[in-house]
Amino acid sequence: MAANDFLVFGGGAGSNVLSQGAWAALAARTAGFSSGVAQSAQLNKAWRQSSIMAAVLAQFIADNSGQDAVDDGTIAALLANLGLALRTFAPSNLGHGQCRLSVASSTSLVLSPYNGNNLIINGVSRQIPAGGISITNAGLTANTVYRVYAFMNGANMALELSTTARATHTNGVEIKNGDASRTLVGMIATNASSQFQNTFDFSGCANWFNRRRVYTSFNTTGLSFTNTTVAELSSLARLRFLSWGDAASSCILSGYGSVNVSGGTISLQAYLNGAPWGGQSQFAAAGVTPTYAPVSSGAASVASEGLNTATVYGYVSGGTGSLGAGSNFSVTTDI
């Protein structure tokens, strides 16, 4: 426990101090003591009132900052620790999660202030530097999901990438499981090159705070297939996206399809992580000449927390199926 050098003067039982009523009525309390012989009880009352409040304030500093309240004749450390104690005592009043995580480059992540700069770390409201804080992909493993945690490295805020899952602390802050000194700010997924990626078909950066609606999409125009049993139509149409376990994601498969066999049928369906996602879109060809007909399929659900893969499955009864101009597959999620 932190020590407090500021002690109460005249606080013992039976102390020689003026009563509260006599102190309130004392003319010298407002005008100040005049020259002459000092009365000890009056002076002791004045000293006790000032010392007891100094002791209370210093104890507040020691209890809530974790630092000693030292009487060394200087104020700089006391003032700094008072600010720390106030932020610790009432962090919710100072804001939390005023930040956003972004991919600065394929090798760098940045956490920047957003709508303020406060973030509660280990029960204390800390301030994110104006220029943000960054971390590189050094030492990361390919095709791996990492949680992004903020922590205090001495007096400086820093980021940590960890495969350890998140947990909810007793104060409601999301932390690294088993380590309250790390506060969750986001999630990233590395690509096959162990790099950061946030592109139209790979949404690899998720914010815990201040989430935005993010779209991943693939233009399926020109996609053709001949398989007669359900299968993934093309690995190129895979959409990879991060999702939190509490966020809904949705997909839309739309456009125009055809099959070049008279009376043949074509069937299309979105899949999520290898399982059907939404209903099938199916139609039969009207004649031998390929005729494009509208295709549409969609779904919405809470995807698994982490990296998900959505893609297009389908088949034809015979011949060749294809998707015409304007066909598209997209996924929307809030991260």
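This is a predicted model: local features need pLDDT of at least 70, side-chain atom pairs count only at pLDDT 80 or more; totals for chains, interfaces and linings use all residues.

Visitor: Why is Cys-205 called buried?

Guide: Its relative accessible area is 8%. Buried means under 20%, exposed over 50%, and partly exposed in between (1.4 Å probe, protein chains only). So Cys-205 is buried. Cys-251, with 2%, is buried too.

Visitor: What makes Asn-115 exposed?

Guide: Asn-115 has a relative accessible area of 63%. The limit is over 50%, so the label is exposed. Asn-115 lies in the loop between β2 and β3 (118–121).

Visitor: What is the phi of Asn-115?

Guide: Phi is near 55°, a positive value in a residue other than glycine. Most residues other than glycine have a negative phi. Asn-122 also has a positive phi, of about 55°. Asn-122 is found in the loop between β3 and β4 (124–127).

Visitor: Which strands form the open sheet, and in what order?

Guide: Three strands, in the order β1-β2-β5, with antiparallel pairing. Strands are DSSP E runs of at least two residues, helices are H or I runs of at least four, and both are numbered from the N terminus. The edge strands are β1 (99–105) and β5 (133–136), as each pairs on one side only. Neighbouring strands are turned by 20° against each other on average, direction ignored.

Visitor: How do you know that β1 and β2 pair?

Guide: Two strands pair if DSSP finds at least two bridges between them. β1 and β2 have six bridges, so they pair, in the antiparallel sense. Leu-101 has Leu-111 in β2 as its bridge partner. The two strands form a hairpin with two residues between them.

Visitor: What about β2 and β5?

Guide: Strand β2 (residues 108–113) and β5 share four bridges, so they pair as well. Val-110 stands opposite Ser-134 in β5.

Visitor: How do helices α3 and α4 pack?

Guide: Helix α3 (residues 40–65) and helix α4 (residues 76–89) pack at an angle of about 65°, with axes 8 Å apart. Axes are lines fitted to C-alpha atoms, for helices over the stretch in contact, and angles run from 0 to 180 degrees between N-to-C directions.

Visitor: Which residues in α3 meet α4?

Guide: Leu-57, Phe-60, Ile-61, Asn-64 and Ser-65. Among their partners in α4 are Leu-82 and Phe-89. The contact residues divide into nine nonpolar, four polar and no charged.

Visitor: Where is Gly-186, and why is it called buried?

Guide: Gly-186 is found in strand β10 (residues 179–189). Its relative accessible area is 0%, so it is buried. Leaving aside neighbours within four places in sequence, Gly-186 has contacts (heavy atoms within 4.5 Å) that include Leu-101, Trp-208 and Trp-244.

Methods:
Residues are numbered from 1 along each chain as its sequence is written. Side-chain values use heavy atoms; hydrogens and water are left out. Ala, Val, Leu, Ile, Met, Phe, Trp, Tyr, Cys and Pro count as nonpolar, Asp, Glu, Lys and Arg as charged, and the others, Gly among them, as polar.
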